[in-house]
Amino acid sequence: MRLFYSYAHEDEELRNELERAGLDIRDIDLVVFPGRTYRNMRERLSDYFQFVHGHAPKIELCDHHEAHAASAYYTSGRAEALVFTADFSGDGRAATMWWG
């Protein structure tokens, strides 16, 4: 299951999506967040989940551009692909290339 929600109402949106799917926060095995270069991000996310939802799933951090590339690759339906990402910034870079 892939969740999309607005940061403006993240707590409510996450609860709504979990409820719609018939899931509880304890059913989530892993949260992957593009915040590898941010200080204390894993602890901050864990504290957020624990405080707001009463449970903190396992949290893994990835590179900002890696998250974009993975999203493009895994939804492409291709066995192999060259993925180029470009935006203003993200983890200190503006563009990356990935092979998967």
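**View 1. Arg36 and Glu66 are joined across distant parts of the chain.** Arg36 is partly exposed, with a relative accessible area of 48%, where buried means under 20% relative accessible area, exposed over 50% and partly exposed in between (1.4 Å probe, protein chains only). Glu66 forms a salt bridge with Arg36, their closest N and O atoms lying 3.3 Å apart; a salt bridge is a side-chain nitrogen of Lys or Arg within 4 Å of a carboxyl oxygen of Asp or Glu. The two residues are 30 residues apart, with Glu66 in helix H3 (residues 64-74) and Arg36 in the loop between strand S1 (30-33) and helix H2 (41-53); helices (H or I, at least four residues) and strands (E, at least two) are DSSP runs, numbered from the N terminus. This is a predicted model, in which local features need pLDDT of at least 70, side-chain atom pairs count only at pLDDT 80 or more, and totals for chains, interfaces and linings use all residues. Residues are numbered from 1 along each chain as its sequence is written, and side-chain values use heavy atoms, with hydrogens and water left out.

View 2. Arg20 counts as exposed at 66% relative accessibility, whereas Glu17, at 17%, counts as buried.

**View 3. Glu60 forms a salt bridge with Lys58.** The closest N and O atoms of this pair are 3.2 Å apart; Glu60 is partly exposed at 34% relative accessible area, while Lys58 is exposed at 52%.
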